[in-house]
Amino acid sequence: LEKNLYSIRIQQNMYTPQNLSSTDIQENDHPYAGYLVAEYMHHTYDDNTYFISSFLLGGLGKYSAVGPAQNLTHLLIKNDSTKGWSNQLSNTPLINIGYQINQLIVDNNFFKFFINAQGRVGSLYTDASAGFEARLGLINSTVEFFTQPDLKKPFEVYLFIRPELRV
């Protein structure tokens with residue numbers, strides 16, 4: 001029986017050079033940059049397969065508000081504010097689409113093994129990846145954390161590893 005879920009994620013990422021007190025552009029270091037995006041995801045799954053299709057929209061640069069967000073965080077933790085956000089990368093719209101598939105190969109209450117593949121195309125990411133995920137522990141759900149758990153076993157704890165090759 002196929003099930004569908006829908007989600008929206010809002011994400012803000014920021015990148016700064018090592019020296020946060022300089023107002024100058026710092027050669028050979030990461031530029032001040034940040035983005036703010038909203039991503040809509042459609043999750044489809046059954047007992048053995050889990051798909052995610054996604055659409056991402058947002059912006060890079062001043063309108064992402066990463067400079068004020070970082071300085072507010074530094075103020076709250078009583079740390080020095082950053083000085084170089086006036087040099088951040090220019091405003092750029094971001095749009096992406098993506099698709100991911102995870103296939104369950106081994107499934108029992110103590111070990112699960114999945115293979116996965118993903119592709120993304122757009123102005124933020126253009127890449128493809130493949131890998132696997134292995135889980136070891138007391139596992140209650142089947143494919144992902146939001147699947148219906150077995151209510152007779154309301155607790156789960158596991159370690160996982162998820163290496164992937166990305167190109």
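Me: Which residues does Asn-4 touch, not counting residues up to four places away in sequence?
Reply: In this predicted model, Asn-4 touches His-42, His-43 and Thr-44. A contact needs heavy atoms within 4.5 Å. Asn-4 itself lies in strand β1, residues 3-15.

Me: What makes the link between the side chains of Asn-4 and His-42 a polar contact?
Reply: The value for Asn-4 and His-42 is 2.8 Å. The cut-off for a pair of N or O atoms is within 3.5 Å, with one able to donate a hydrogen and the other to accept it. The pair is therefore called a polar contact. The side chain of Asn-4 also makes a polar contact with the side chain of Thr-44, at 3.0 Å.

Me: Why is Asn-4 called partly exposed?
Reply: Its relative accessible area is 36%. Buried means under 20% and exposed means over 50%, with partly exposed in between. Asn-4, at 36%, falls in between, so it is partly exposed.

Me: Where is Glu-39 found, and why is it called buried?
Reply: Glu-39 is found in strand β2, which covers residues 33-45. Its relative accessible area is 11%. Buried means under 20%, so Glu-39 counts as buried.

Me: Which residues does Glu-39 touch, not counting residues up to four places away in sequence?
Reply: They are Ser-7, Ile-8, Arg-9, Ser-54, Phe-55 and Leu-56. Two of these names return in the polar contacts: the side chain of Glu-39 is joined to that of Arg-9 at 2.4 Å, and to that of Ser-54 at 3.3 Å. The cut-off is within 3.5 Å, so both values qualify.

Me: How far apart are the C-alpha atoms of Glu-39 and Ser-81?
Reply: They are separated by 29 Å, and the two residues are 42 residues apart along the chain. For Asn-4 and Gly-84, 80 residues apart along the chain, the C-alpha separation is 44 Å.

Me: Why is Ser-129 called buried?
Reply: Ser-129 has 7% relative accessibility. The limit for buried is under 20%, so the label buried applies to Ser-129. Ser-129 is in strand β6, residues 127-138. Leaving out residues up to four places away in sequence, Ser-129 touches Asn-116, Ala-117, Gln-118, Glu-164, Leu-165 and Arg-166.

Me: What is the phi of Ala-65, and where is Ala-65 placed?
Reply: Ala-65 has a positive phi of about 60° although it is not a glycine. Ala-65 is in the loop between β3 (49-60) and α1 (66-76).

Me: Why is Lys-78 called exposed?
Reply: Lys-78 has a relative accessible area of 75%. Exposed means over 50%, so Lys-78 is exposed. Lys-78 is found in the loop between α1 and β4 (92-107). Lys-78 is not a glycine, yet its phi is positive, about 55°.

Me: How does the radius of gyration of the chain stand against that of a compact globule of 167 residues?
Reply: The chain has 20 Å, but a compact globule of 167 residues would have a value near 15 Å. Along its principal axes, the C-alpha trace spans about 55 × 35 × 25 Å.

Me: What share of the 167 residues counts as buried?
Reply: The share is 32%. The accessible surface of the chain is about 10,700 Å², and carbon and sulfur atoms account for 62% of it.

Me: How many positive and negative side chains does the chain have?
Reply: There are 12 positive and 15 negative side chains, and the centres of the two sets lie 5 Å apart.

Key: Residues numbered from 1 in each chain as written. Predicted model: local features only at pLDDT ≥ 70, side-chain atom pairs only at ≥ 80, totals over all residues. Heavy atoms only, no water. Helix = DSSP H or I, 4+ residues; strand = E, 2+ residues; numbered from the N terminus. Buried < 20%, exposed > 50% of the residue type's maximum accessible area, 1.4 Å probe, protein only. Rg over C-alpha atoms; globule rule 2.2 N^0.38 Å. Areas by Shrake-Rupley, 256 points an atom, 1.4 Å probe, with all protein chains shown as cover. Lys, Arg positive; Asp, Glu negative; His and termini not counted. Charge placed at Lys NZ, Arg CZ, Asp CG, Glu CD.
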